Amino acid sequence: PLVTLFAGLASADGDDGGEGKCMGWRQTAGCSPSGRREPARDRGCDVSIGQDWSGYCECAGGVRAAESTCTHESFTCEAKCREQWAWLREQRKKRAEQEKEVESASADDNLAKLYKRGKGFYVMGNTELALRHFREALKLDPEHGACKADYKQAKKLEKLLGKLEGVMGKEVE
């Protein structure tokens, strides 16, 4: 049997108010699940759907399951809706894990960019911007050894430059 769902109609956060709930079998004509509807031949969720029936199971949230031609094994819509929602939940879980991986990779990328910019500003003698970038990088990874060391070094230089400015009475470049 073909399985099609309209997941866009189901809530993405899983709160559709009836996940897994079956609404019933929807009979169609012409041995095609997309054929003309035959509402008089619709059936309940617990009825065994015959092998020569065409149509689909309507599940809660606008999800369709077990779209069937006239050649399929017998089944109940109750079971098919449960299976379809279990599959949907699994897909949501996988998608959430993938999004976390992307966020993690993005954070690592940002960390590297911030650290590299900080190093660049430090080499150019702009300790203020170097320290700002090192701080932002350390917010993403407080245990980044090289960044911590460079931050401390830039901080010492800033302190030394501050003392020199105090002695000389003007900004030191």
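**A walk through the sheet and its salt bridges**

Let's start with E58, which sits opposite R64 of strand 4. Before going further: this is a predicted model, in which local features need pLDDT of at least 70 and side-chain atom pairs count only at pLDDT 80 or more, while totals for chains, interfaces and linings use all residues. Residues are numbered from 1 along each chain as its sequence is written, and side-chain values use heavy atoms, with hydrogens and water left out.

Strand 3 (residues 55–59) and strand 4 run antiparallel and are joined by three bridges. Strands here are DSSP runs of E with at least two residues, helices are runs of H or I with at least four, and both are numbered from the N terminus. Two strands count as paired if DSSP finds at least two bridges between them. Strand 3 is also joined to strand 1 by five bridges, again antiparallel, with Y56 as the bridge partner of R26. Put together, three strands make an open sheet in the order 1-3-4. Strand 1 (22–27) and strand 4 (64–68) are the edges, each with a single partner, so one side of each has no neighbour in the sheet.

Buried means under 20% relative accessible area, exposed over 50%, and partly exposed in between (1.4 Å probe, protein chains only). R26 is buried at 16%. C45, in the loop between strand 1 and strand 2 (48–49), is buried too, at 12%. Beyond its neighbours within four places in sequence, C45 is in contact (heavy atoms within 4.5 Å) with C22, M23, G24, T76, C77 and E78.

Now for the charges. Side chains of opposite charge can pair when their charged atoms come close. The whole structure has 12 salt bridges, each a side-chain nitrogen of Lys or Arg within 4 Å of a carboxyl oxygen of Asp or Glu. D42 and R26 form one, with the closest N and O atoms 3.8 Å apart. D42 lies in the loop between strand 1 and strand 2 and R26 in strand 1, so this pair ties together parts 16 residues apart in sequence. R26, R37, D42 and E58 are linked in a network of salt bridges.

R64, where we came in, has a salt bridge with E67, at 2.9 Å between the closest N and O atoms. R64 is buried at 18%, and E67 is buried at 10%. For contrast, look at helix 3 (residues 145–168), where K155 and E158 lie three residues apart, about one turn of the helix. Their salt bridge has its closest N and O atoms 3.7 Å apart. K155 is partly exposed at 37%, and E158 is partly exposed at 31%.
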